[in-house]
Amino acid sequence: MLIETLSVREARAQLSEALARFRRGDRRPVRVGSHRKTEAVLVPIGVFEELTAERARSLADADASLRAEGQTGSAPADAIMQSWSRGELSTAQMRDQIRALHNVA
């Protein structure tokens with residue numbers, strides 16, 4: 001299925017319709033960008049919450065693995081990973097910040 005990227009003008013005009021679709025349970029994302037190049041995606045809040053919950057589960061699993069090995073994460077690393085779990089950082093940004101924190105190239 002091809003998902004069209006809406007221009008900002010089209011997205012503004014169709015925002016109410018997209019929100020109504022989301023309220024009816026439609027989970028299909030709405031892509032928005034300039035010159036038909038996707039720069040952002042609107043998703044229902046339920047989809048966003050599922051994505052962030054999956055990231056939180058990943059962090060809990062990683063923390064459990066550390067504890068099983070008798071180790072703990074550092075507070076600065078935990079803060080970076082929490083930002084990632086909330087969707088504030090991309091995976092690449094989180095990885096780069098953790099590497100920089102630990103002086104790893």
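**A walk through the predicted model**

Val41, Val43, Ile45 and Phe48 make a nonpolar surface patch of about 330 Å². Such patches take residues with over 30% relative accessible area and no salt bridge; nonpolar side chains (Val, Leu, Ile, Met, Phe, Trp, Tyr) are joined within 5 Å, and like charges within 9 Å. Areas are computed by the Shrake-Rupley method with a 1.4 Å probe, and for residues only the protein chains shown count as cover. The model is predicted: local features need pLDDT of at least 70, side-chain atom pairs count only at pLDDT 80 or more, and totals for chains, interfaces and linings use all residues. Residues are numbered from 1 along each chain as its sequence is written, and side-chain values use heavy atoms, with hydrogens and water left out.

Ile45 belongs to helix H2, residues 45-68. Helices (H or I, at least four residues) and strands (E, at least two) are DSSP runs, numbered from the N terminus. Ile45 is exposed, at a relative accessible area of 57%. Here exposed means over 50% relative accessible area, buried under 20%, and partly exposed in between (1.4 Å probe, protein chains only).

Move on to the loop between H2 and H3, where Thr72 sits. Thr72 is exposed, with a relative accessible area of 68%. Thr72 and Ile45 are 27 residues apart along the chain, and 32 Å separates their C-alpha atoms.

The side chains of Arg57 and Glu54 meet at 2.7 Å, N to O. The criterion is a side-chain nitrogen of Lys or Arg within 4 Å of a carboxyl oxygen of Asp or Glu. Arg57 and Glu54 are separated by about one helical turn, because they stand three residues apart in helix H2. Arg57 is partly exposed, with a relative accessible area of 46%. Glu54 is partly exposed too, with 42%.

Now the interior. In soluble globular proteins, nonpolar side chains tend to be buried together. The largest nonpolar core here has seven residues: Leu59, Ala77, Ile80, Trp84, Leu89, Met94 and Ile98. Helix H3 (75-85) and helix H4 (91-101) each supply at least two residues of this core. H3 gives the most, with three residues. A nonpolar core is a set of buried Ala, Val, Leu, Ile, Met, Phe, Trp, Tyr and Cys residues joined through side-chain atoms within 4.5 Å.

Ala77 touches Ile98, Leu101 and His102, leaving aside residues up to four places away in sequence. Apart from this core lies another, of six residues, including Leu6, Ala18, Phe22 and Val30. Contact means heavy atoms within 4.5 Å.

Next comes the sheet. Three strands form an open sheet in the order E1-E2-E3, with mixed pairing. Strand E1 (5-6) and strand E3 (37-42) stand at the edges, each with a single partner strand, so one side of each has no neighbour in the sheet. Two strands pair if DSSP finds at least two bridges between them. E1 and strand E2 (residues 30-34) run parallel, joined by two bridges. Leu6 stands opposite Val32 in E2.

E2 and E3 pair in the antiparallel sense, over five bridges. Arg31 has Val41 as its bridge partner in E3. Val41 is also one of the surface patch residues. The hairpin of E2 and E3 has two residues between the strands, and His35 takes a positive phi near 55° there. Asn103 likewise has a phi near 55°, a positive value in a residue other than glycine. Asn103 lies in the segment after H4. Asn103 is exposed, with a relative accessible area of 72%.

Finish with the charged residues. Six salt bridges are found in the whole structure. Arg21, Asp26 and Arg28 are linked in a network of them. Arg21 is found in helix H1, residues 8-23. Its relative accessible area is 14%, so Arg21 counts as buried. Asp26 is buried as well, at 18% relative accessibility. The side chains of Asp26 and Arg21 meet at 3.0 Å, N to O. Asp26 also bridges to Arg28, with the closest N and O atoms 2.5 Å apart. Arg28 counts as partly exposed, at 42% relative accessibility. Val30 is among the residues of the six-residue core.
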